[in-house]
Amino acid sequence: MSNRLPVDRVVDDSGEASWRQSPGGLVTALEPVMRASGGAWVGWVGQPDLEIEPFDENGIRIIPVPLSDSDLELYYEGFSNDTLWPLYHDVIAQPGYHRVWWERYAVVNRRFAEAAAAVSEPGATVWVQDYQLQLVPAMLRELRPDLLIGFFNHIPFPAYGIFSQLPWRTQIIEGLLGADVVGFQRVADAGNFSRAVRRLRGYPTRTPYIEVPGMGDQPARRVIAKAFPISIDVAGFEELAARPEVQERARQIRHDLGDPATVMLGVDRLDYTKGITHRLKAYGELLAEGRLSVEDVTLVQIATPSRERVESYRQLRDEIELTVGRINGDYGTISHQAISYLHHGFPREEMAAMYLAADVLLVTALRDGMNLVAKEYVAARADEDGVLILSEFTGASDELRAALLINPHDIDGVKDAIVRAIEMPRHDRRKRMRSLRKRVAENDVSHWSNSFLTTLRESRGTQTPFGGG
Ligand code: ADP
Ligand code: F6P
């Protein structure tokens with residue numbers, strides 16, 4: 001179960017409704033896992049006030065959970081995306097702490113827990129996804145103690161000094177501890193969670209175990225908190241990128257851009273965690289200083305619409321579009337644009353063609369749980385070409401050490417990395433891309449889900465008292 005289903009219901013101008021793949025890394029990762037599992041996916045359909053009966057979509061049983069307009073405002077845009085999101089991403093933006101948001105978060109989490117409890121067979125495995133549903137594990141355990149419950153956090157889990165700002169920090173910890181296994185992207189996230197448990201509840205921990213004492217009629221339990229770095233369907237993506245029509249489309253994209261010597265690409269939800277403004281600043285300065293010229297280099301920036309009713313996202317969009325307009329106005333020519341800016345979604349084939357067309361992929365996130373775009377780029381590059389510039393503040397940087405690693409706050413460092421990527425000799429590009437491809441192939445999404453679900457299944461056998469083995 002996740003807040004958002006793999007498909008969103010969209011209505012076009014003529015009032016015609018259709019389904020389209022939902023944005024974001026969670027769906028990219030879980031869609032192939034769920035198609036192979038025969039399970040059901042419990043979540044929201046992407047539009048307010050819609051009561052839809054369960055249905056089948058592309059081999060997945062869909063169980064819709066309705067959200068009203070006011071649920072969206074308080075639970076989704078408010079507590080999930082204006083409290084937890086900035087807090088968990090190291091307070092890049094100021095989180096809002098509002099009791100009405102919190103209260104609705106708890107109400108909606110209960111609705112999700114009840115929906116899952118109603119459709120789960122005895123002893124079933126329920127895998128709860130992401131920060132929007134952190135209270136669900138404990139609620140579900142209360143409703144259905146027979147279930148095996150996993151939780152995976154797709155975003156970072158912050159250090160205690162930051163997490164402790166949250167007025168409802170203890171309730172969140174208790175909610176998560178309802179799971180048998182709590183998974184995180186990075187070892188550091190799992191450590192931050194265990195530390196928060198010790199500080200707030202005083203429960204004994206010994207990595208990866210947390211001992212939860214019995215309470216009332218609830219027996220003592222052992223919870224596992226551990227890192228499971230997420231990935232993509234590597235073979236599926238490789239197959240997509242190998243299709244002749246996708247390769248032809250990549251050539252066409254380069255041609256349409258004026259066949260510049262270097263195409264750089266950024267692919268991000270339009271989100272302040274992604275460091276898009278830092279990237280534009282670095283690129284703008286390189287053009288201003290004459291270290292790059294629009295005759296030779298073009299940046300394609302895909303900024304996928306996201307959370308458009310949240311004020312900080314609106315402001316960011318204005319800032320990005322103003323900056324893009326300025327850079328294009330200052331440095332573009334009739335035949336060469338500095339930045340080709342695209343604010344909409346694309347089919348997966350088109351994404352693969354973009355990756356193939358790009359000599360350099362820029363990932364400059366200020367904080368990111370994983371960043372699957374980086375892994376998709378690597379998976380697409382069977383030609384062992386292309387340079388990945390990757391922020392060290394992404395989960396992906398733990399694995400993708402052969403990228404050009406950058407600190408996005410260091411604008412001079414980002415500029416130097418861009419120039420280095422553009423000038424990198426072919427044999428160096430090949431060596432790095434080979435190493436990156438090896439790492440991505442070793443841990444694809446089925447490896448991720450198998451290792452999480454195996455740990456979850458085996459957790460049933462580890463419910464011995466602390467120190468008991
Ligand atoms: P996040 O989960 O924060 O959005 P990720 O980088 O982990 O970030 O995942 C983003 C996913 O969304 C990737 O699979 C990427 O291909 C996809 N995506 C991003 N932008 C678009 C777009 N404009 N059209 C289609 N897919 C997109
Ligand atoms: O993990 C990141 C995440 O927030 C997912 O939970 C979510 O589905 C995706 O990004 C896109 O965000 P949203 O659902 O708010 O559009």
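1. Conventions. Residues are numbered from 1 along each chain as its sequence is written, while chains are lettered from A and ligands numbered from 1 in the order in which they are written. Since the model is predicted, local features need pLDDT of at least 70 and side-chain atom pairs count only at pLDDT 80 or more, whereas totals for chains, interfaces and linings use all residues.

2. Domains. The protein chain is divided into domain 1 (7-230 + 455-460) and domain 2 (234-442), with bounds that come from an automatic or database domain assignment. The centres of the two domains, taken over C-alpha atoms, are separated by 30 Å. To their contact, domain 1 gives 20 residues and domain 2 gives 19 residues, two residues being in contact if their C-beta atoms, placed from the backbone, lie within 7 Å.

3. The domain 1 side of the contact. Helix H1 (25-37) and helix H2 (69-88) each supply at least two residues of the side of domain 1 that touches domain 2, and the largest share, four residues, comes from H1. Helices here are DSSP runs of H or I with at least four residues, and strands are runs of E with at least two, numbered from the N terminus. By type, this side divides into nine nonpolar, seven polar and four charged residues; Ala, Val, Leu, Ile, Met, Phe, Trp, Tyr, Cys and Pro count as nonpolar, Asp, Glu, Lys and Arg as charged, and the others, Gly among them, as polar.

4. The six-stranded sheet. Six strands form an open sheet of mixed pairing in the order S6-S7-S8-S11-S10-S9, where two strands pair if DSSP finds at least two bridges between them. Strand S6 (125-129) and strand S9 (205-206) stand at the edges with a single partner strand each, so one side of each is left without a neighbour in the sheet. Strand S7 (residues 148-152) and strand S8 (residues 181-184) run parallel and are joined by three bridges, and Phe151 stands opposite Val182 in S8.

5. Strands S13 and S14. Strand S13 (residues 297-304) runs parallel to S14, with four bridges between them, and Ile302 has Leu342 as its bridge partner in S14.

6. Ligand 2. The residues around ligand 2 are Arg4, Pro23, Gly24, Gly25, Leu26, Asp130, His154, Ile155, Ser306 and Arg307, a residue being near a molecule if its C-beta atom, placed from the backbone, lies within 6 Å of it. This shell divides into three nonpolar, four polar and three charged residues.
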